[in-house]
Amino acid sequence: MLSEAQAIAPKLIETRRTLHQWPELSFEEYRTAALVAHRLHDLGIPHETEVARTGVVGWIGNGDGPTIALRADMDALPIQEETGLPFSSQRPGVMHACGHDAHTAMLLGAAEILKRHEGELRGRIQLIFQPSEERIGVDGYSGAKLMVEEGVTADVDVILGLHVDPSLEVGKIGVRPGPMMAAADRFEMEILGQAAHGAYAYLGVDAIVLAAQVINTAQTLVSRRIPAIHEGVVTFGTISGGTRENIICDRVFLEGTVRSFDPAIRNQLQQELEDVAAIARHLGGDYRYRYFRGNPPVINDGQLTGFVSRIGGQLFGVDHVVEAPKTTGGEDFSWYSCKTRGSFIRIGAHNPAWPGKHRLHTADFQIDEEALVVGAALLAQSAQRWLYEYDPEHWRHVENC
Ligand SMILES: [Zn+2]
Ligand SMILES: [Zn+2]
């Protein structure tokens, strides 16, 4: 299937560049979804649109056997592109700076290859073109969470997702069994005091001083409260309060993010961060605390990750399959991989000859488009082979988090 992917390389590149020129923000992927649906229609692949609002889901093969799902995300970011590429974004202030244009093109390429082999498939392949990976809406839903809630993956046995990686050389595949990316939660705190004249501080309760205590104490959660063998991050991202230099501030608003891998550590940080906020009450003030759970951690299934490593080694050579780092970034692929066996794979997209870093979520983000062939071939070959080798004893249902 690698040679088949190489044969359609010009089409993969053209698709990716078309998507790159017309990036759309989370849950606004109308044009992107229309392009996907149009391509699936041309390939004769049955599909549904408006799944999880602006998503598209298609099927190849037959539903009697097992089902493997392949997932691509489609949304872009509110960034003004500064790459200077001839196929730069045509939409001011919106850019595919996370490579989701590439993921969509790779999955369309894999679909084209797999459709040709439909007669040989021993089961079903579900294609998931997912909206809104980047953003959790005000209702608490990202695209993947909504897909799962709508029951899209109810019959799925295993799921694969991938992400281009500008820190990994093109041609390489990064895999990691077990925890790979962190649970990403958000919190809000209000520290409440009592206003007074700045010259008579003792008559009030200074919310700024209370907030300072809270922020400093929160730094000890990761260093002193969670076991050293576990990881966590507590970040205050915003702070605001006060009106004038000579008024004791009565209210400080704080906002931040919490990252963790282990469910028990996640619970602990959520609870103990509130205990820290409660310092304000002990010192004569008060607090309000709200914690919003975002994406769960990405925990890759060991067996499935081993399988993909083997396929990657067969396609590209074992020296091209490397261990991906564990990171405290978040990814909503976790909504799928918590409920079923999943593996999230990094596709190298860095061209060593290029100057600059081209990091994700930056205005000069770029990928080496050779990565498109790698991703399409890996998805197609893994899906076909997994169905072929499937044995129900070996692949019993597992929830990973
Ligand atoms: Zn992103
Ligand atoms: Zn992304």
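Strand β8 (residues 183-192) and β13 pair in the antiparallel sense, and eight bridges join them. Within this pairing, R186 has F292 of β13 as its bridge partner. The model discussed here is predicted, and the values below are computed from it.

### The four-stranded sheet

The strands β8 and β13 belong to an open sheet of four strands, which follow one another in the order β10-β12-β8-β13 with antiparallel pairing. Because β10 (232-241) and β13 (286-295) stand at the edges with a single partner strand each, one side of each is left without a neighbour in the sheet. From one strand to the next, the twist averages 15 degrees.

Two helices lie against this sheet. Helix α6 (residues 207-225) lies across β8, β10 and β12 (251-260), and it runs at about 170 degrees to β10. Helix α7 (residues 263-277), which packs on the sheet, touches β8, β10, β12 and β13, and its direction makes about 160 degrees with that of β13.

### The eight-stranded sheet

Another open sheet is formed by eight strands in the order β1-β2-β4-β3-β5-β16-β6-β15, and here the pairing is mixed. Its edges are held by β1 (47-51) and β15 (321-323), each of which has a single partner strand, so one side of each is left without a neighbour in the sheet. The twist in this sheet averages 25 degrees from one strand to the next.

At one end of the order, β1 pairs with strand β2 (residues 55-61) in the antiparallel sense over four bridges, and E48 stands opposite V57 in β2. Helix α4 lies across β2, β3, β4, β5 (158-169) and β16, running at about 145 degrees to β3.

### The nonpolar cores

The largest nonpolar core has 69 residues, and those with the most contacts inside it are L70, I125, L127 and F129. Helix α11 (residues 370-389) gives the most to this core, contributing 12 residues. Apart from it lies another core, made up of 28 residues, among them L210, L273, Y287 and Y291.

### The zinc pair

Two zinc ions lie 3.2 Å apart, and C98 bridges them.

| Ion | Donors | Distance | Spacing in sequence |
|---|---|---|---|
| zinc ion (ligand 1) | C98 (SG), E134 (OE), E134 (OE), H361 (NE2) | 2.0 to 2.7 Å | C-x35-E-x226-H |
| zinc ion (ligand 2) | C98 (SG), H100 (NE2), H163 (NE2) | 2.1 to 2.4 Å | C-x1-H-x62-H |

The angles among the four donor atoms of the zinc ion (ligand 1) are 53 to 150 degrees, and the site is irregular. The reason lies in the cut-off, because four donors count as tetrahedral only if all angles lie between 85 and 135 degrees. For comparison, the ideal angle for four tetrahedral donors is 109.5 degrees.

C98 lies in the loop between β3 (67-73) and α4 (100-116), whereas H361 lies in the loop between β16 (341-350) and α11, so the pair ties together parts that are 263 residues apart in sequence.

H361, by contrast, is partly exposed, because its relative accessible area is 39%.

### A buried serine

S132 is found in the loop between β4 (124-130) and α5 (143-149). This serine is buried, with a relative accessible area of 0%. Leaving aside its neighbours within four places in sequence, S132 is in contact with S26, F27, E29, D75, S142, G143 and D332.

Technical notes:
Residues numbered from 1 in each chain as written. Chains lettered and ligands numbered in written order. Predicted model: local features only at pLDDT ≥ 70, side-chain atom pairs only at ≥ 80, totals over all residues. Heavy atoms only, no water. Core = buried A, V, L, I, M, F, W, Y, C linked by side-chain atoms within 4.5 Å. Buried < 20%, exposed > 50% of the residue type's maximum accessible area, 1.4 Å probe, protein only. Pairing = 2+ DSSP bridges. Axes fitted to C-alpha atoms, helices over the stretch in contact; angles between N-to-C directions. Contact = heavy atoms within 4.5 Å. Donors = N, O, S within 2.8 Å, 3.2 Å for Na, K, Ca; no water. Tetrahedral: all angles 85-135°; square planar, octahedral: opposite > 155°, others 65-115°.
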